[in-house]
Amino acid sequence: MCELFGINSSKKIQLNHLLKEFFSDGDEHPHGWGMAFFYGDAVSLEKQPECSLKSRYLKQRLQAKIEADKMIAHIRLATRGTMDYENTHPFVRRDFYGRSYTFAHNGTIFESDVLESFVHCQEGGTDSERILCYLISRINAEEKEKGEPLSKEERFRLFDEIICEIAPENKLNLLLYDGELFYIHTNFRDSLYYCEIEGGVVVSTRPLDKKPWKKVPMNQLIAYENGKLIFTGTKHDYEFVENEEKMKLLFLDFANL
């Protein structure tokens, strides 16, 4: 599976030691790496479709001081989509009013008729990007009806609804940042952790240091703003449990066998 990393804080913290540990898993997730940093309404996206441990650019990048109060990182173990830039996380899309949504996913969509209809909208071939395309389409539809941008409460309510809609039979470990809210969700046991820091929270697929890390609550979308938990979504029953036969077919599909 892929791995996720994110931070949401009220102040910038130095991230080099955490990112070096996070990206050290590149041999197990060799199909791409990416980072997204946020500066007001702007998103700075850095990613390559190659192993994080083999990237000369990433090695040099991690040698320089990296500080951020909001960011998302990802290393990819591909199950859908080829090893190309267009399939490397995170993905970024804007709604009709120009708000940016940055999305990274550790998981697989096995069953979802509603997502299949968005294949033609995406730039790459991953089911992860399809989730973001669907989210943006729903936001645009509601904003068109409302005649103005959605509030943060309305955006959270909509994304919570979407999670409950597509979670059955699918693995949805994800991070999303919309310039205001930092969304977190997992429905796969023991696969997403968080560590509280002064002024905020760090999230990762695995604990990255010796500080106390806790498991992210299962089957429930949550959202942080400037380091504080402000929204908690619907508690659903759609825990994902790996099915050996499904996973075998999935990797055969990726290998084009």
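Guide: Start with residue classes. Ala, Val, Leu, Ile, Met, Phe, Trp, Tyr, Cys and Pro count as nonpolar, Asp, Glu, Lys and Arg as charged, and the others, Gly among them, as polar. This is a predicted model: local features need pLDDT of at least 70, side-chain atom pairs count only at pLDDT 80 or more, and totals for chains, interfaces and linings use all residues. Residues are numbered from 1 along each chain as its sequence is written, and side-chain values use heavy atoms, with hydrogens and water left out.

Visitor: How do the residues of the lining of the largest pocket divide by class?

Guide: They divide into 4 nonpolar, 4 polar and 4 charged. Among the lining residues are Phe-23, Ser-52, Lys-54 and Arg-56.

Visitor: What makes a space a pocket, and what makes it a cavity?

Guide: Both are found on a 1 Å grid over the protein atoms alone. A cavity is a set of points where a 1.4 Å probe fits but cannot get out. A pocket is an open set with protein on both sides within 12 Å along at least five of seven lines. Lining residues have an atom within 4 Å of a point. Grid points are joined across faces, edges and corners, and a volume is the space filled by probe spheres set on the points. By that rule, the largest pocket holds about 160 Å³, and the largest cavity about 70 Å³.

Visitor: Which residues are the closest to the centre of the largest cavity?

Guide: Of its 12 lining residues, these are Cys-2, Arg-76, Thr-79, His-89 and Ser-128. The lining has 3 nonpolar, 6 polar and 3 charged residues.

Visitor: Which helices each supply at least two residues of the lining of the largest pocket?

Guide: α1 (16-23) and α2 (56-63) do. The largest share, 5 residues, comes from α2. Helices (H or I, at least four residues) and strands (E, at least two) are DSSP runs, numbered from the N terminus.

Visitor: What makes α4 "mostly covered"?

Guide: Buried means under 20% relative accessible area, exposed over 50%, partly exposed in between (1.4 Å probe, protein chains only). In α4, 14 of the 20 residues are buried. Strand β2 (33-39) is also mostly covered, with 6 of its 7 residues buried. In α5, the buried residues include Phe-156, Phe-159 and Ile-163.

Visitor: How do you know that β2 pairs with β3 and with β4?

Guide: Two strands pair if DSSP finds at least two bridges between them. β2 has 7 bridges to β3 (42-48), running antiparallel. β2 and β4 (67-75) share 5 bridges, also antiparallel. Both counts meet the cut-off, so both are pairs. Gly-34 has Lys-47 as its bridge partner in β3 and stands opposite His-74 in β4.

Visitor: What makes β5 and β13 edge strands?

Guide: The open sheet has 6 strands in the order β5-β6-β7-β8-β12-β13, with antiparallel pairing. β5 (91-94) and β13 (228-232) each pair on one side only. Within this sheet, 4 bridges join β7 (173-177) to β8 (182-185), and Tyr-177 has Phe-182 as its partner.
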